[in-house]
Amino acid sequence: MPTTPRRTIHRVLAAGAATLLIAALTPGAAHADEPDPRIGLGAGWLDAQSAIGNLEHLAHLDKPPGFVNPANPGDFGFVTSDLAFTGHYAIMGNFNGFNVVDIANPAAPSVVTSVVCPGGQGDVSVYGDLLFMSVEESRARVDCGTNPTVGERFQGVRVFDISDITTPTQVAAVQLCRGSHTHSVVSDPDDPANVYVYVSGTAGVRPVATMAGCNNNPANGEDPSRWRIDVIRVPVADPAAAAVVSGPRLFADPDTGAVDGLQNTPPAPTHPSGANWGPTPITDACHDITAYPALGLAAGACEGNGILIDISDPANPVRLDEVADPNFAYWHSATLTNDGKKVIFTDEWGGGTGARCRPTDQASWGANAVFDIVDGKMEFRSYYKLPVPQTLTENCVAHNGSLIPVPGRDIMAQAWYQGGISLVDYTDSAHPKEIAFFDRGPISATALVLGGMWSAYWYNGAVYGSEIARGLDVFGLKPSVHLTEAEIAAARQIQLPEFNAQHQTRFTWAPSFAVARARFDQLARTCTTTIDGRHNGPLTVSGVTCLDGATVNGPVAVRRGATLLAIDSTISGPVSASSAAAVHLYHSTVRGPVAVSGATGSVAVVDTTVHGPVSLSGGRTTGVEPIIADSTINGPLACSGNTPAPINLGAANTVNGPAGGQCATLD
């Protein structure tokens, strides 16, 4: 690929920002009056019609032989389940085992190896050279054998060595009383020698004949096998020694000690829809627990409740808070935002096998519930549900998703079974909104055949969807009024060595032109005044004032708390800003000095010519570096007292005068 000159990159990103400004101000830019293309899609297994918005469908990979029943694509014995990622591989779980897929080229995924190991549910996670797999069905055997009538039964968590990923080798199999419906990897920053696995077992309790110590005692009986999670400790250097080390009672009443201290009866005799509850929201296990070790925090979706958990001691987690919701049939999964200040819970009303996105289904049923976390407590803010109805032959309800690492925003890609994929912006937790989607028509137009997206996860530049009946899909993000080229480029900067949705990693963005442009783009969505022509006389900036190809014949003064955004513009006079919220000058000309003092937000002077001195002082923009880059300054450049200090992103400025203070090295 030919090298693109730096200045060209700047202008490409700036053009995206300018387009954003124009689109945001153009009536009908989002085409809100057009019918949703997802309505009325034709049915089919491998030939269904599809609709897509603000995504690019890069690739589809059919399920390989042995992991699909062509006579019944929705056969529960061959359901594609969850995804995990390591290096340039995606590991795709299945009720019949798992497949390792090479995704070095996301547009051309290929199966590297397949491991037949029946037992459902087949959810997978990775940690270094270890692969963990959930098993809950009684047909499973310790040795992965396919004949369920012989061999030793197994229900629990399998551990595979994937140091040679072409030949995964089972090295441990930890038996559990309720098997493992799902599990979560929990690392301990203070204990790198071990990794922990939180197991969510939701099956019935096994008989003692298949595992000693199991019992189906009531909550007030002796050490019941329900109302707990299992914690497995896995020595990284000796995974064969993996074993259960605790069974925390996360649902206990702190006053009485009763192990069944959370929701034990449905909130009403029937679901708000009038139908019988299904599943029943009674808390005797967690379905999913999402751990965020860097924050010492986890969120548990626990059937009848959503809970927050302190995991600072991974072997002994402690419940911090709990919430319930009369609309929720089954608290299924959870996603914390990157800053840990919000949590999104999903409700798997219907258990994933029912049509729950019908036109008659309300937006609070089978939806996401968004909570802010305030002083360690969860406060409800809103619901979000797929905004387009699906047919009666499509299983559809909220399911698994993950964050897309756009700096400054909370965006999640999420699977909705046969509702497809929805990308949702939760930055304003009270008003979530869809920004992109993909959907296929039903597998059958006459009967509900199980299918659709089980998971939708962002990994190193693309969104990967595991499709229950069809295989693997790969999507790229496309720039739109909702997500600009710079924001996408900034998200692609985050490159992880591995990824599990239930083991969140803190995203941190190195300073870059893309990150700086992303800040500009986000501010541009909030413009209160836009000037794209000539303005004669002084300009006083209040609110968020955007200059887009403008000419200002006079000085510009930015008031306290205000924002100035200028792109491809000319200012015939000085620019001054005292205690401004933000000041950005891109590809512009200022015929006078620029003086910015006491800024509280982002400051950027990029590819801009200033006919006079530039001074930047006293900024307190913690975590957001002021940028002066690739610009020509016909006068001194002086910077002092800024936290953090200004940077040039490796693009030196031409300074026709002394460069001093914090900016001494930026020329």
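Pro-646 counts as buried, because its relative accessibility is 5%. Buried means under 20% relative accessible area, while exposed means over 50% and partly exposed lies in between (1.4 Å probe, protein chains only). The model is predicted, so local features need pLDDT of at least 70 and side-chain atom pairs count only at pLDDT 80 or more, while totals for chains, interfaces and linings use all residues. Residues are numbered from 1 along each chain as its sequence is written, and side-chain values use heavy atoms, with hydrogens and water left out.

Stay with Pro-646 for a moment. This proline sits in the loop between strand 48 (637-640) and strand 49. Strands here are DSSP runs (E, at least two residues), numbered from the N terminus. Which residues does Pro-646 touch, not counting those up to four places away in sequence? They are Leu-616, Pro-626, Cys-639, Gln-662, Cys-663 and Leu-666. Contact means heavy atoms within 4.5 Å. Asn-69 is another matter: 577 residues separate it from Pro-646 along the chain, and their C-alpha atoms are separated by 60 Å.

Two strands pair if DSSP finds at least two bridges between them. Strand 47 (residues 632-633) is joined to strand 49 by 2 bridges, and the two run parallel. Ile-633 has Val-655 in strand 49 as its bridge partner.

Take Leu-564. Leaving aside neighbours within four places in sequence, its contacts include Val-541, Leu-547, Val-556, Val-575 and His-584.

Now turn to strand 25 (residues 421-425). Why is strand 25 described as largely enclosed by the rest of the structure? It is because 5 of its 5 residues are buried. In a regular strand the side chains alternate between the two faces of the sheet. In strand 25, Ile-421, Leu-423 and Asp-425 point one way, Ser-422 and Val-424 point the other way, and all are buried. Strand 24 (residues 411-415) pairs with strand 25 in the antiparallel sense over 5 bridges. One link runs from Ala-413 to Leu-423. The hairpin of these two strands has 5 residues between them, and there Tyr-417 takes a positive phi near 50°. Strand 26 (residues 433-440) also pairs with strand 25, antiparallel, over 5 bridges. Asp-425 has Lys-433 as its bridge partner in strand 26.

Gly-441 lies in the loop between strand 26 and strand 27 (453-459). At 1% relative accessibility, Gly-441 counts as buried. Residues up to four places away aside, Gly-441 touches Leu-41, Gly-42, Ala-43, Ala-48, Gln-49, Glu-394, Gln-418 and Arg-470. Gln-522 is 81 residues from Gly-441 in sequence and 34 Å away in space, C-alpha to C-alpha.

Strand 8 (residues 130-135) is next. With 6 of its 6 residues buried, strand 8 is largely enclosed by the rest of the structure. Leu-130, Phe-132 and Ser-134 lie on one side, and Leu-131, Met-133 and Val-135 on the other. Strand 7 (residues 121-127) runs antiparallel to strand 8, joined by 5 bridges. Val-126 has Leu-131 as its bridge partner in strand 8. In the hairpin of strand 7 and strand 8, with 2 residues between the strands, Gly-128 takes a positive phi near 60°. Strand 9 (residues 156-161) pairs with strand 8 in the antiparallel sense over 6 bridges.

Finally, look for cavities. A cavity is a set of points, on a 1 Å grid over the protein atoms alone, where a 1.4 Å probe fits but cannot get out. A search of the whole structure finds 6 cavities of 30 Å³ or more. Strand 23 (residues 400-404) gives the largest share, 3 residues.

Technical notes
1 Å grid on protein atoms, 1.4 Å probe; cavity = no way out; pocket = protein on both sides within 12 Å on 5 of 7 lines; lining within 4 Å. Points joined across faces, edges and corners; volume = space filled by probe spheres on them. Helix = DSSP H or I, 4+ residues; strand = E, 2+ residues; numbered from the N terminus.
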